[in-house]
Amino acid sequence: MSTSAAAKDLNKDLCGMLKQLAEYELAVNKNMYKSRAYKQAAATLAKLDYKVSSGEEAKKLKGIGDKISKKIDEFLATGTLKKLDNIHKDANSEAIILLSRVHGIGSAKARELVTDFGVNSLEQLRQRQDELNLNHHQLIGIK
C-alpha cells in the first residue's frame with residue numbers, strides 16, 4: 001500500500017460516517033447545504049496524514065465546525081452515531097437512499113416511489129418497472 005493510500009485509510013471510518021450523513025441529507029431531507037458540509041468535512045479528513053483523535057482537534061480544520069466536531073466525538077467514543085442508527089432503523093429513509101443511487105432517479109422520484117408506490121427495494125423496482133412510469137434513463141439505471 002502506498003503512503004498516500006495508507007494515509008487515506010487513517011480516517012476512513014469517520015469519512016464513511018460523514019458520507020452517509022451527506023447522502024441522507026441530500027436524498028431524504030433535500031438539504032444540499034448540510035450534504036455539502038458533510039462531504040467537505042469528509043474530504044478534509046481524507047487528506048490528512050494522521051488519525052483524528054477528537055472532535056476538538058477536527059474543529060481546527062477547515063470545513064469542520066461545532067456540530068460536525070460533536071458528531072466526530074460521539075463516533076470516536078461509541079463507534080457509531082445515534083443519528084445514523086435512527087436513519088438505518090427508518091425503512092423509508094433507507095429505501096429512499098437506496099433508490100436514489102439508481103442512475104436517473106433523484107431524491108424526489110425516490111421519495112415518490114417509496115411513499116406513493118410502496119417500492120422499498122431494487123427488486124420491487126425491477127418487478128414493477130412497467131407500472132411505475134419510469135423514463136428511459138431510469139430504466140437503464142435499473143439494469
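What follows is a short chat about a predicted model.

User: Before we start, what kind of model is this?
Analyst: It is predicted: local features need pLDDT of at least 70, side-chain atom pairs count only at pLDDT 80 or more, and totals for chains, interfaces and linings use all residues. Residues are numbered from 1 along each chain as its sequence is written, and side-chain values use heavy atoms, with hydrogens and water left out.

User: Where does Lys71 sit, and is it buried or exposed?
Analyst: Lys71 is in helix α5. It counts as buried because its relative accessibility is 18%. Buried means under 20% relative accessible area, exposed over 50%, and partly exposed in between, with a 1.4 Å probe and protein chains only. Helices are DSSP runs of H or I with at least four residues, strands are runs of E with at least two, and both are numbered from the N terminus.

User: Which residues does Lys71 contact?
Analyst: Leaving aside neighbours within four places in sequence, Lys71 is in contact with Met17, Leu21, Tyr38, Leu81 and Lys83. Contact means heavy atoms within 4.5 Å.

User: Switching to Glu25. Why does it count as buried?
Analyst: Because its relative accessibility is 1%. Glu25 lies in helix α2, residues 12–27.

User: Which side chain does Glu25 make a polar contact with?
Analyst: That of Asn29, at 3.0 Å. A polar contact is a pair of N or O atoms within 3.5 Å; within protein, one must be able to donate a hydrogen and the other to accept it, and residues adjacent in sequence count only if both atoms are side-chain atoms. Not counting residues up to four places away in sequence, Glu25 also touches Lys30, Asn31, Lys34, Ser35, Tyr38 and Lys83.

User: Tyr38 is in α3, then. Which α3 residues are buried?
Analyst: Ser35, Tyr38, Ala41, Ala42, Thr44 and Leu45. The buried residues of α3 pack against α2, α5 (66–78) and α6 (82–89).

User: And α8, what's buried there?
Analyst: In α8, residues 107–117, the buried ones are Lys109, Ala110, Leu113 and Val114. Seen down the axis of α8, they fall within an arc of 130°, so they line one face of the helix. The arc is that of the directions from the helix axis to the C-beta atoms.

User: What is on the face turned away?
Analyst: The exposed residues Thr115 and Asp116.
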